[in-house]
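The points move from the ligand surroundings to the chain as a whole.

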Amino acid sequence: MESGTDMVAIYQEPIDAEAVKARARELGIDLVGIADGQAMDAHPPDPDDPRRPMDISDYDADRVVVLGKRYTAGTTRLTRWDERHKYYNDELTLTALEEASLELVLWLEDRGYPALIVPPTHVDPMRHDGGTAGPIGPLLSLDHAAVEAGLGTLGLNGQLITPEFGPRVLLTAVLTSAPLAADAPMTQSLCLGPACGRCLLTCPADAVRHWDRDWAACERLRSPHGFADLAEHIGRIIDEPDPLRKKAMLRSKAQFDLWQSILRGSGVVTGCRRCQDVCPVGADYPALQDALEEIPEATADKVQRLAEMVRAEADGARPEAHARQQRWIGSPPAAGPED
Ligand code: SF4
Ligand code: SF4
C-alpha cells in the first residue's frame, strides 16, 4: 500500500491561483487572496512573539490562502455592542466560513496538495500562563495575513479594512504548498486616520489608541463570555459563603450566558464589533449608514484625543506603533472627508 507521501507525489494535478479562488467563491467565500508564506515568515507582526506559517507546518506553508466572509448586514445594523442575537448570527457566519475552509482543504488534497486550516478560534494552549488577562491570539494574525494577501490594510485600531466590506469580515487561512501565484499587498492605506476616528469614538471599552489598541481591554468585550469571564464567575461561586446565594448563582443570567456561549461559541469567539460596524470604509457602508451614522458612545474627551492625534500627524509626529505596523497600515492615510 502506498504511503501518503507517495500518493502526493503521484497525484498532483496542475492547479493555479485562479482555480483556487474560483473554488473558494463557489463555496460561498466573499474575499480570497493568496499570501507568500516566506514573506510572512520574514515579517512577523510581533517579532517578540512570532507566529509564522513556518511555525505551523514545515512542508505545507509556502502559501497562505486567506478567506473572508462578510458579516450579515442585518446584524451589523444592530447597534448595541452586547446584543446576543448578533453574537449568535456572527457565530453562524463563522461556522459557514470554517466549513467552506474545510471544503477547500479537501478540494486541494483531492488534487494532491496537503493543506490545513488556521481558524480564528484556535489558540495554542501552551501559551496560556494561568492568568486571565489579555487575549491569546490564534496561531497566525489573520488580519496581517489578509494584508499580505492583498485584501486590505490595517486601520487606526489595527483592524483589517477591505475595499468591499470595510472591516466587516471574518477570516480564516488555509496553508498549502500548492504552486499558486501570491497576490501583491496594497501599498496605500484604506484607513481615513484620526480625522475619521469613528472606531475610537464608538469603542465602549475606550481601547482604541493612536494606530494601536489596548488589546487586553478590548478582549473583555470582544469575548465577553470567554475564559476570563468563566474563571471569574466560578471564582465568585466558590467564594460565596451563603449556600442559598451560591445555589442561586448557578441559575443566574451570568451562568446562563456562559452556558449558551459554551454551547455555540457565541459571546466567546464572537462579541463586540462596534469598531468594525461604524467604519465608513467599504462599498457596503452606504447600505448600512442610516443605522450606524450616529455614535452614541462618543464623548468630548474622545473627540479631544482625536483632535490631538490629527494635530500630531500634521506636525509629522506619528507614534511608534505606526512605525511598527507601517508594512500593514500602508502609506499615509487618504485625507479625511472634511480635509
Ligand atoms: S471590538 Fe469593541 S471593545 Fe474592541 S476595539 Fe472594537 S469597539 Fe472597542
Ligand atoms: S473607523 Fe475611520 S479611523 Fe477607524 S479604521 Fe475605519 S477609517 Fe480608520
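1. The shell around ligand 2 takes at least three residues from each of domain 1 (4-176) and domain 2 (193-329); these bounds come from an automatic or database domain assignment. This is a predicted model, in which local features need pLDDT of at least 70, side-chain atom pairs count only at pLDDT 80 or more, and totals for chains, interfaces and linings use all residues.

2. Ligand 2 is surrounded by 14 residues (a heavy atom within 4 Å), with Cys191, Gly193, Cys196, Cys199 and Cys279 the closest. By class, the shell holds nine nonpolar residues, four polar and one charged. Here Ala, Val, Leu, Ile, Met, Phe, Trp, Tyr, Cys and Pro count as nonpolar, Asp, Glu, Lys and Arg as charged, and the others, Gly among them, as polar.

3. The protein chain has 16 helices and eight strands, taken as DSSP runs (H or I, at least four residues; E, at least two) numbered from the N terminus. Its radius of gyration, over C-alpha atoms, is 21 Å, close to the 20 Å of the globule rule (2.2 Å times the number of residues to the power 0.38) for 339 residues, so the chain is as compact as a globular protein of that length.

4. Of the 339 residues, 44% count as buried. Among contacts between residues at least 6 apart in sequence, 77% join residues at least 24 apart.

5. Residues are numbered from 1 along each chain as its sequence is written, chains are lettered from A and ligands numbered from 1 in the order in which they are written, and side-chain values use heavy atoms, with hydrogens and water left out.

Notes. Buried means under 20% relative accessible area, exposed over 50%, partly exposed in between (1.4 Å probe, protein chains only). Contact means heavy atoms within 4.5 Å.
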